[in-house]
Amino acid sequence: VQLQASGGGLVQAGGSLRLSCVASEGIASLNVMGWWRQAPGKQRQLVAAITRRGVIKYTDSVKGRFTISRDSAKNAVLLQMNSLKPEDTAVYYCNADQSADQNGVGIYWGQGTLVTVSS
C-alpha cells in the first residue's frame, strides 16, 4: 500500500490546515489509518488515529483542535487542524495498517508533509 500525503504549509498561529492522505488501494482493507508527526530533534509521535469501525484516538495536546476522519470514496484519511500553535510545527506522516488498531503503529508510511506554524 502506498500513501500520498499532502496539505502541509506555512500558517500563522490560530490558523487552520487540512491534511490529506490518499491510499493506493481501497481503505476498507486498512483497519487503522492515522497521522504521526516529528518535530526537529524529537521522536515521532502519534497525533491521531482512526479505525475502520470509527474508533478514534488523539494525543492529548491536539484534543479539541484536530479532527481525523476517513473518506472511503476518496481512499483517504483527513486531518483537520484548527487553532494551530507553534508547537504543532513538525513533519506530519500518514500511517496505516491492515491489522493494527488505534494503539499500534502501522507498517505503511507516507512521505511526510511539513507543517510550520509561525507565532
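**Close-up views of a predicted model**

**View 1. L79 and its contacts.** L79 touches L17, R18, L19, W35, V47, A48, F66, T67, I68 and Y92, leaving aside residues up to four places away in sequence. Contact means heavy atoms within 4.5 Å. The model is predicted, so local features need pLDDT of at least 70 and side-chain atom pairs count only at pLDDT 80 or more, while totals for chains, interfaces and linings use all residues. Residues are numbered from 1 along each chain as its sequence is written, and side-chain values use heavy atoms, with hydrogens and water left out.

**View 2. The largest nonpolar core.** This core has 29 residues. W35, V47, F66, V77, L79, M81 and Y92 touch the most other members. Several strands give two or more residues to the core, among them strand 3 (17-23), strand 4 (32-38), strand 8 (76-81) and strand 9 (90-97). A second, separate core of 5 residues includes W36, L46, A49 and A100. A nonpolar core is a set of buried Ala, Val, Leu, Ile, Met, Phe, Trp, Tyr and Cys residues joined through side-chain atoms within 4.5 Å. Buried means under 20% relative accessible area, exposed over 50%, and partly exposed in between (1.4 Å probe, protein chains only). Strands (E, at least two residues) are DSSP runs, numbered from the N terminus.

**View 3. The disulfide.** The structure holds 1 disulfide, a pair of cysteine sulfur atoms within 2.5 Å. Which residues form it? C21 and C94 do, with their sulfur atoms 2.1 Å apart. The link is left-handed, with -85° about the S-S bond. C21 lies in strand 3 and C94 in strand 9, so the pair ties together parts that are 73 residues apart in sequence. C21 is buried, at 0% relative accessibility. C94 is buried too, also with a relative accessible area of 0%.

View 4. Two strands pair if DSSP finds at least two bridges between them. Strand 1 and strand 3 pair over 4 bridges. L3 stands opposite A23 in strand 3.

**View 5. Two loop residues with positive phi.** N75 has a phi of about 55°, although N75 is not a glycine. N75 sits in the loop between strand 7 and strand 8. Is N75 buried or partly exposed? Partly exposed, with a relative accessible area of 23%. S83, also not a glycine, has a positive phi of about 50°. S83 lies in the loop between strand 8 and strand 9. At 39% relative accessibility, S83 is partly exposed.
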